[in-house]
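I opened this notebook to record what I looked up on pockets and charged pairs.

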Amino acid sequence: MEASVKTAGLLLCLIASLGIPQSANPAAAEELVRFESVPVKLSPFRIRKALEQGEILSQPQGTPLLGYLSSPPGGGPFPAVILLHGCDHLRLSVKELWPKRLVRWGYVVLVVDSFTTRKLDDTCRSALPERVFDAYGALDFLSRTSFVDISRVALMGFSAGATATLDATKIAGNEQLMERKFRAAVAYYPACDADRGDPTVPTLIMTGERDNWSRAERCQKRLARLSDNAPPVELNVYRGVYHNFDAPEFMVGKRVLGHIEKYDPDAAAKSIRSVYAFLRKYLTN
């Protein structure tokens with residue numbers, strides 16, 4: 001517990017040293033909220049086959065989820081950021097440090113817990129495609145609040161959550177089926193797919209040069225294949241940096257499933273400034 005407090009204090013000191021404006025008022029307390037993922041829609045082919053075979057299809061249901069909601073003081077409406085954690089679940093930097101930082105910048109923050117209700121510990125050896133629907137369930141939840149401007153919401157993910165962020169905002173993905181849309185996307189060290197296609201929103205991608213889990217060259221290949229009509233995509237590759245470079249939990253680097261994860265204070269500070277500028281450009285104007 002003492003180590004976690006020290007870690008939080010270190011990062012909060014880092015925030016103060018970045019030269020980024022902070023709110024003078026304290027943030028509203030974090031609130032545990034419950035909502036559902038958007039139900040996975042049945043494809044026209046599945047519906048047609050069911051009709052042909054006389055099968056009665058049940059109405060798709062969303063998965064119950066937990067979330068952690070924080071907001072700036074005042075009634076809003078505020079822009080908002082939805083956070084998706086990595087395959088290792090809710091670590092300190094995602095559940096507490098990033099929300100505190102974003103709230104100080106004037107954003108409502110909803111951290112999506114994709115694992116607890118599914119009784120999962122991690123998905124580091126597998127994938128959970130349903131997380132795209134978790135993101136849109138969170139967006140629907142925010143649309144029912146009075147203090148969020150639902151037209152100004154960004155999706156932000158880390159590692160596996162960053163990969164889900166890119167999948168949730170790609171032009172040929174499930175985004176086209178959703179009633180509400182995100183305004184922008186931020187992806188910390190995602191597994192880029194060179195053939196993912198154009199994004200639907202302005203996107204900021206950040207990764208480390210030495211990250212062999214989320215390889216920078218795959219993100220570079222994706223950018224090279226974007227169409228001329230694609231929304232702007234910014235890729236920041238930090239030299240000599242590994243996976244989880246923004247997370248002070250990895251102050252002492254460690255190897256996880258053959259991949260090095262290590263905090264880098266210089267890269268973390270640069271990335272924080274990039275996120276601040278990116279969100280200010282696309283959510284507050």
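Is Arg180 buried, partly exposed or exposed? I found Arg180 to be partly exposed, with a relative accessible area of 26%. I note that the model is a predicted one.

Entry on the partners of Arg180. I looked up its salt bridge with Glu179, where the closest N and O atoms are 3.7 Å apart. Glu179 is exposed, at a relative accessible area of 69%. I then found that Asp140, Glu179 and Arg180 are linked in a network of salt bridges.

I recorded a count of 10 salt bridges. One of them joins Asp149 and Arg152, with the closest N and O atoms 2.8 Å apart. Arg152 has a relative accessibility of 16% and therefore counts as buried, the cut-off being under 20%.

I also looked up Arg225 and Asp195, whose side chains meet in a salt bridge at 2.3 Å, N to O. Arg225 lies in the loop between helix H6 (216-224) and strand E8 (233-238), and Asp195 in the loop between strand E6 (184-188) and strand E7 (203-208), so the pair ties together parts that are 30 residues apart in sequence. Both Arg225 and Asp195 are exposed.

Entry on the largest pocket. I recorded about 440 Å³ of space in the largest pocket. It is lined by 21 residues, and Ser126, Ala127, Leu128, Ala160 and Thr163 are the closest to its centre. Helix H4 (131-143) and helix H5 (160-168) each supply at least two lining residues; H5 gives the most, with four.

Methods:
Residues are numbered from 1 along each chain as its sequence is written. This is a predicted model: local features need pLDDT of at least 70, side-chain atom pairs count only at pLDDT 80 or more; totals for chains, interfaces and linings use all residues. Side-chain values use heavy atoms; hydrogens and water are left out. On a 1 Å grid over the protein atoms alone, a cavity is a set of points where a 1.4 Å probe fits but cannot get out, and a pocket is an open set with protein on both sides within 12 Å along at least five of seven lines; lining residues have an atom within 4 Å of a point. Grid points are joined across faces, edges and corners, and a volume is the space filled by probe spheres set on the points. A salt bridge is a side-chain nitrogen of Lys or Arg within 4 Å of a carboxyl oxygen of Asp or Glu. Buried means under 20% relative accessible area, exposed over 50%, partly exposed in between (1.4 Å probe, protein chains only).
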